[in-house]
Amino acid sequence: MRKTVTVLFADVTGSTALGERLDPESFRRVMARYFDVARGCLERHGGTVEKFIGDAVMAAFGVPVVHEDDALRALRAAVDLRDALESLNAELERSYGVTLQLRTGVNTGEVVTGTQERLVTGDAVNVAARLEQAAEPGEILIGEQTYRLVSGAIDAEKTAPLVLKGKGESVSAYRLLGIIEGASLLERHLDAPLVGRDKELARVRSAFDEAVSTRRCRMLTVLGPPGIGKSRLARELSAVVDGEATVLTGRCLPYGEGITYWPIVEIFHEAGAEDELEVALSAGSPEEVFWSVRKALEQRARERSLALVVEDIHWAESTLLDLIQHLGDWTRDAPVLVLCLARPELLDERPAWGGESITLEPLSELESEQLIENLLGSSALDEGARGRIRETAEGNPLFVEQLLAMLTDGGDPDHVPPTIHALLEARLDALPEAERHVLECAAVIGHDFEWDALGELSPDRRRPSGVRLAALVRNELIRTHDAIADTFSFRHALIRDAAYARLPKELRSDLHERFACWLDGRGEEFEEIVAYHLEQAYRWLAELGPPDERAVDLAERAAARLASSGRRANARGDAPAAANLFERAAALLPADHPERLALLPVLGRALRETAQMTRAEAVLTEAVESAATAGNDVVAAHASLTLADLGLHAAKLSRQETLAEVEAAMRAFGEHGDDAGLARALALRGRLRFWGGDFAGALEDLEEGAMHAQTAGDRYQEVECLQYVIAVAVYGATPARDGLVLIEEIQTRVDGNRRLDVAVLNGLARLQSMRGDFVGARDALQRSTALLEGGSEVTSYSHVAIAAGMIELLADDAVAAEGELRPACERLEAMGELGYLASAAPQLLEALYRQGRFDEALALSDRWRADRLTAAEDLDAQVGWRAMRAKLLAHAGHLAEAEALAREADALCAGTEDLELRARALADLADVLRLAGRPHESRVALEEAGQLHERKGNLPAAERVRRRLDDLVVPD
């Protein structure tokens, strides 16, 4: 069993010299007296003494049962022992002429318990021992986690970092100066405005009114898990009954001597009635005490109504519970409200607990946000951090407070504060073993779990009884699933985490594997879940030592399932999921494993799609080198092909160099009959032809590539080919009306693939805008953006942004076009995706040009020069940049340079089938000629541009050219 416990080491200093001074018999008696005193102090605070080692004592707090305040108990015990030593020393001085001095170390951490050799084992024990050795006589040093658990209840000062024997790094420690009596272990903000409890407050008020109207005792119990807001609700009682009643509060203690009536003591003390209490408690038998306490309270209530708050009655002794029920049953002619606060486990001890009860539910997401606002005050917190707090806290106000405090102190948002963990672990440790085992098995399955699955993980392969599950539901630890029969959910994700953390790693591994086997065979939609559990089974074993035969088998099975799931994610166009799955699969296998080698190229492609360019290049380079060593030229060809694609987009390779890599890869694929490889190579060659303006050649390669992909069953590659077929329809000579028909037909060929759906919508949007249907075009782009939401596919993202910019330019809204294109360009630049940046940048320059921001656009045209960003054969980018820079230079008065660039752009695209690219180049040349004072030549260029727009069916662009022709003044 794994637990978080607090370990205390205390050592008598100078015992060797003491042994030399005293006779062995006397020394033995001295140490025996010390050990008796030490055991009494430690056990009085709930510690379990593991052993005495020479002159040292070790105790664990949290064994056999964890308590949420174990760390504070250990520190109280340490102070108690130090104080007790003063009395003992007076005795030893009289009897033996000696005194003792102690040094103490206290540390909290995860340990393994229940071993035959020792009570607890783990690094937390070693650190506690080293802290004790580092302490000065009379000092108590405490570790970092202990301090974090009790910081609100102690006075301490941080020491210089300690270099402890056996620790590679220095250790943070604190010197305990004292315990702050009465301080809460958890810092609470009970003075913050109450959120989301209006109905519950109304019920409290109703109960009070009934007590007053009937002049009887009215009992109301507020039930809920720790932190849900019981104390905060009770705090409002004074406001609810303001001026009408005296409110008195008492709190049950979790441990200690003479605590049976402690809440009554506090209530009478707060009322200033210590004398009455002394009389009542000295009455004799419990029945007589009950009678005396009731009579004293009745007398006060007749003078002024009473509202009594008794907190934490789940810790109450049975006698106190009997007393509370006695008040409820027998109070006469006295208006008394008894408001009890309890955790749900009270009902395990007292199923027939009297009076009315209400259960506090978690706050809603909106209420949690309001609580965060209240607690922050004037401080600021970004939405991401707020979202993590809301998600993790799941409506528990205490958890909101603790998580917020941790974040504002610079803590890790992905780690649960130790205060919350201690609270939950204590709840679990207090459960009956059978119920705790159910939760631990359920934690392996996940947040939701089936009743039958629990049976598979039970030692006897029988599902737990409904009685046990009902008890866990009643105690607010799990809940029934609303939608699925015989399915349950953890009440809170942190409960699941705490239950899971208790399991030894070897048992975790076994349970994960058993659940994977139980789930296997349900269908491919469950394969990723099976893979996850096999992966976890392997990882927990691997943490215990070098992988054995079972661990290796688990790793291979998990990797196979993850890779299969990754291929399905690829097929449906979910590149982020594919990258994650392929990377996890590869990480499970040794570097020289053949399956890992085969995974590297597909992993590299997925990383490239998710804009992880540096990582993609590293993975693909490794694949090429490892494949060469293994003599696997097919894997080498796959990796080299994607590396070449990366190099082309990063302007590291020319078009000819890339084509050479493509041809080499095609030879390797052809020799081995690798249809998937041939599809990929043809797709890249088709793209290269497309970018060079050879649309007919591109279409031939892309359609052949799609056929090979279909033969190989590679939907991912088929989609990539079809994406560029769509691009040919958009950019080629196909009229816009016919292109719309072609794209709608393509949509039916690979249904339900996100990448293809995005490409279809982008193509439709571009062609619809050419037809003048801007409403339909924007709607298509909105649907495309919604499909990509939350993903990071760089290609799809850039295509959407460029399409949006083009549409707004066609709609003559240059400001909106800039709003789409500028963030896209900046993101592409940051990702190092320079090829797509080179295509997007000219459109942003056009948007700025139309707004008259010529200087800004000229500066950007120098920053994003296509001749530096991409290959010379990337026609769209090279033509677009030259044409735009030419217009900007002309406006700056550099007419000769401008005309040269504009004519160069026109010449580059003269033979291409990209009618729109040629039309834009001619229109930009016309601008340059107009600025140069040559209107006749400008008109000729504009007329040719208009004809090309009309051939394509680009109605808004053709209309814009007509307006420019009308505005162009040509002298006779």
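**Helix H14**

I began with helix H14, residues 365-376, in this predicted model. Helices here are DSSP runs (H or I, at least four residues), numbered from the N terminus. The twelve residues of H14 should span 16 Å, and the end C-alpha atoms are 16 Å apart, so the two agree.

Next I looked up which residues of H14 are buried (under 20% relative accessible area; exposed is over 50%, partly exposed in between; 1.4 Å probe, protein chains only). They are Ser368, Glu369, Leu371, Ile372, Leu375 and Leu376. These cover an arc of only 155° around the axis, which puts them on the same side of H14. The arc is taken from the directions that run from the helix axis to the C-beta atoms.

What do the buried residues of H14 pack against? I found helix H15 (383-393) and helix H16 (397-408) there. Contact means heavy atoms within 4.5 Å. Just after H14 I noted glycine 377, with a positive phi of about 65°.

**Notes on the model**

Residues are numbered from 1 along each chain as its sequence is written, and side-chain values use heavy atoms, with hydrogens and water left out. Because the model is predicted, local features need pLDDT of at least 70 and side-chain atom pairs count only at pLDDT 80 or more, while totals for chains, interfaces and linings use all residues.

I moved on to helix H22, residues 505-519. H22 has 15 residues and reaches 21 Å from its first C-alpha to its last, close to the 21 Å expected. Its buried residues include Leu511, Phe515, Ala516 and Leu519. Lys505, Arg508, His512, Glu513 and Arg514 are also among them. After H22 comes glycine 521, whose phi is positive, near 95°.

Then I looked at packing. Two packed helices are described by the angle between their axes and the distance between the axes. Axes are lines fitted to C-alpha atoms, for helices over the stretch in contact, and angles run from 0 to 180 degrees between N-to-C directions.

H22 packs with helix H23 (residues 527-544) at about 160°, with the axes 8 Å apart. H22 and H23 are therefore roughly antiparallel (over 145 degrees; under 35 is roughly parallel, 65 to 115 roughly perpendicular, the rest oblique). Their crossing is left-handed (the near helix is turned anticlockwise from the far one by less than a right angle; clockwise is right-handed). The contact includes His512, Phe515 and Leu519 of H22, and Leu534, Trp540 and Leu541 of H23.

**Helices H28 and H30**

How do the axes of H28 and H30 cross? Helix H28 (residues 633-649) and helix H30 (residues 675-691) cross at roughly 20°, and their axes come within 10 Å. That makes H28 roughly parallel to H30. I noted this crossing as left-handed. Among the residues that meet are Leu641 and Leu648 in H28, and Leu684, Leu688 and Trp691 in H30.

Is threonine 146 buried or exposed? At 0% relative accessibility, threonine 146 counts as buried. Threonine 146 lies in helix H5 (residues 144-150). Not counting residues up to four places away in sequence, threonine 146 touches Ala71, Leu75, Val106, Asn107 and Thr108.

Threonine 711 is in helix H31 (residues 695-712). Threonine 711 is exposed, with a relative accessible area of 58%.

Last, I found serine 26 in helix H2 (residues 24-44). Serine 26 is buried at 16%. From serine 26 to arginine 963 I noted 937 residues in sequence and 114 Å in space, C-alpha to C-alpha.

Key:
Helices (H or I, at least four residues) and strands (E, at least two) are DSSP runs, numbered from the N terminus. The expected span of a helix is 1.5 Å times one less than its number of residues.
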